Amino acid sequence: MAARAVVPQRHMRLRGEVKPKMVAAEGRTRRVLKDIGNLVPDGAVEGGKPGPQPAEKNKKAISKKLEGAVKGGDVAKAAVTQKCKAEKQLTVLRSANERNIIIISDTKSRDKNKKSLTSTLSARSKAACGLTNNPRDSVANIDAADANNELAVVEYIDDMYKFYKLAEDESRVSDYMGSQPDLNAKMRSILVDWLIEVHRKFDLMPETLYLTVNIVDRFLSLKTVPRRELQLVGISSMLIACKYEEIWAPEVNDFVNISANTYQREQILAMEKTILGRLEWLLTVPTPYVFLVRYVKASDSSDEEVENMVFFLAELGVMNYPVATSYSPSMIASAAVYAARRTLHKSPVWTATLQHHTGYVEDELKECAELLVNLHRGVADGKLKAVYRKYSSPDRGAIALLPPAKSPSEENV
């Protein structure tokens, strides 16, 4: 046997006899177990041959040593203790192996049902906001139908509108009539009313109208214009907007004719150059139309009645000088949606989806929405009827003929 073998006791120990130093000898030769799976009874190597390694061989070796040991007394007790320790270590080893197998098996079963990190985080976010418990108040995915439409740029649309909200103040104008001694708000409204008629006659894109009004306002806020040139500014602004938005833009002569030859071709081109110079060629701006398209979709893109009412109220808003200069484009668009849903008795008037995409809560919109409703009340009896005629036609659902929304005081009666 190896050097760690138990020293045999040749005679039985009598009562009162001095105990041999058996335990001390064994303690000096025992090697510490460093690993639960390394139950080598004797760590030495004899003749270049490694000792038995597996636990089962260790058990046989221990049993063999015990058989050769002298039975009885403390020696027998020490042998039994050592055997129990070995048995306990083997039991722990088997238990550990079984736990490893169970853990591996359980991990594999969890991997099959494991959700992606994105879905897990989304579910936790919805739960934290209480959306999972309130299906009626949940935010709808308004871009689900356009997932395969590359032109809808679903992957970037939310980031684009976050940028629009940040950039809208850069192209927004405030009250500028104080710097225009020869003009007033009513003259501006007359000009916009006429431009809406021209826009409809040329059958232009909606984007063109909103960009035209934006160019007019920004230019008038930067340069003093005499009354006789106000219509020239409007024509030149629409020419610029057409070149920017339309596939087939009207020619300069078309604008000469539509203005009854009030201005010549050279005058229009000269004013076009002046406007572009003053605006530093900045034409990519978020107008109310940019937000209207998104917010109508968040309201209900399949409801044409709501869509027509929204655009009707929005055009009344941009034609009105106080509304156009007091509120941001996104606010005007949001208020138009809110007022349209009130007018058409949609319930709820303001949804979680609309709040999510517009960034406005209902209370923030009530003031601007009430101004739009008041414009709706007075448009039939007013002198400027371009918007009223446009939305009284059957192709617009005759939406302007519907009664306006009730005021908050009337609703409480």
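Modeller: Happy to! A cavity here is a set of points, on a 1 Å grid over the protein atoms alone, where a 1.4 Å probe fits but cannot get out; lining residues have an atom within 4 Å of a point. Before going on, note that this is a predicted model, where local features need pLDDT of at least 70, side-chain atom pairs count only at pLDDT 80 or more, and totals for chains, interfaces and linings use all residues. Residues are numbered from 1 along each chain as its sequence is written, and side-chain values use heavy atoms, leaving out hydrogens and water.

The largest cavity holds about 200 Å³ of space, a volume being the space filled by probe spheres set on the grid points, which are joined across faces, edges and corners. In total, the structure has three cavities of 30 Å³ or more.

Which elements give two or more residues to the lining of the largest cavity? They are helix 7 and helix 14, helices being DSSP runs of H or I with at least four residues, numbered from the N terminus. Helix 7 provides the largest share of this lining, five residues.

Now look along helix 7 itself. Its 15 residues reach 22 Å from first C-alpha to last, close to the 21 Å expected at 1.5 Å a residue (1.5 Å times one less than the number of residues). Helix 7 is also mostly covered, with 13 of its 15 residues buried, meaning under 20% relative accessible area with a 1.4 Å probe, protein chains only.

Notes:
Buried means under 20% relative accessible area, exposed over 50%, partly exposed in between (1.4 Å probe, protein chains only). On a 1 Å grid over the protein atoms alone, a cavity is a set of points where a 1.4 Å probe fits but cannot get out, and a pocket is an open set with protein on both sides within 12 Å along at least five of seven lines; lining residues have an atom within 4 Å of a point.
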